[in-house]
Amino acid sequence: MTYLVTGGTGFIGSYVCRDLVHLGERVVAYDLLPSRDILGKILTKKQESELTIEQGDISDFDGLGRVVKKHKVDRIIHLASMLHPASNENPVLAEKVNTLGTANVFECARLLGVIKIVWASSMVVFGPPYMYPQEYLPNDAPHAPPHVYGATKSHCEFLANHYRKTWEIDHIGLRFTIVYGPGRVRGATAFIQKLMIEPALGRSVTLPYGDGEIDWQFVEDIAALTVKCSQIGKTRTSIFNTKFDVRSIREAASYVKSIIPDADITLLPGTLGLSCKLD
């Protein structure tokens, strides 16, 4: 099988590419600004040589199509995305990258015979916790995105299901929550990296949202889940909540201090205001 991984040299994409290379699959990483920063740390030189990297813009339908056709791509894992708060700051570009880019992926699949798409949605298609009576949000909870990024992901879910219903495009969308691990540098929740990195380096750290609970999703687990979803047959439901380990930020800070007793960690009051507890 030949896989195309959009955003393939980014944070999650690099780990997905690694796992696919380990499985002996042919892998093409497609990225606007390709970087080997993470890949060079998690792949051997031989494994890196087995990975093909193509530079390209996900919003460029013709360019994406040429790469899919050139490499005879069978499956696409679509991770290229513009995150929050960058999407709020440039909504035109966010619509171009997130919404048009996802439409391009599905249109290429329709025209060029791609047999499976796995793609990243997000918990932020949902509104804040006070909007929902359930402690854990069901898979079909109504959307109420709080910002531009969430709104683009909500529309992408509509598009994906439209392609499935109209042209029987087989896809699985995964609503990730807060993904952490080596290589995370972008997005509104990248601050959680500091909870691990700064104490390890002997530096003090101050974190917001100290009263909040989040679903801690380790990047290697997310990569394994994504790859597994690309290997299975057509599912009755096509877009899924994900849930790993729901813990408070305060509990995570206490755990870090159990490992590094001298860690200087200050937690500011408040919560993220996001529905992180998905069923």
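A residue is called buried when its relative accessible area is under 20%, and in this predicted model Glu48 has a relative accessible area of 9%, so Glu48 counts as buried. Glu48 lies in helix α3, which covers residues 45-49. Its side chain is joined to that of Arg36 by a polar contact of 2.9 Å, and, when residues up to four places away in sequence are not counted, Glu48 touches Leu39, Gly40 and Leu43 as well as Arg36.

From this one residue we can turn to the sheet. Strands of a sheet pair through backbone hydrogen bonds, either parallel or antiparallel. Here seven strands form an open sheet with parallel pairing, and their order is β3-β2-β1-β4-β5-β6-β10. The strands β3 (51-55) and β10 (239-241) are the edges, each pairing on one side only, while neighbouring strands are turned against each other by 20° on average, direction ignored. Within the sheet, β1 and β4 (residues 75-78) run parallel and are joined by four bridges, and Thr6 stands opposite His78 in β4. Helix α9 packs on the sheet, where it touches β1, β4, β5 and β6, and its direction makes about 165° with that of β6.

Some of these elements also take part in the largest nonpolar core, which has 29 residues, and among the members that touch the most others are Val5, Val16, Leu20, Ile77 and Leu79. Elements that each supply at least two residues to this core include β1, β2, β5, β6 and α9, but α1 gives the most, with seven residues. Leaving aside neighbours within four places in sequence, Val5 is in contact with residues including Val16, Leu20, Ile77 and Leu79. A second, separate core of 26 residues includes Val124, Tyr149, Ile214 and Leu267.

Conventions: Residues numbered from 1 in each chain as written. Predicted model: local features only at pLDDT ≥ 70, side-chain atom pairs only at ≥ 80, totals over all residues. Heavy atoms only, no water. Core = buried A, V, L, I, M, F, W, Y, C linked by side-chain atoms within 4.5 Å. Buried < 20%, exposed > 50% of the residue type's maximum accessible area, 1.4 Å probe, protein only. Contact = heavy atoms within 4.5 Å. Polar contact = N/O pair within 3.5 Å; in protein donor to acceptor, adjacent residues only side chain to side chain. Pairing = 2+ DSSP bridges. Axes fitted to C-alpha atoms, helices over the stretch in contact; angles between N-to-C directions.
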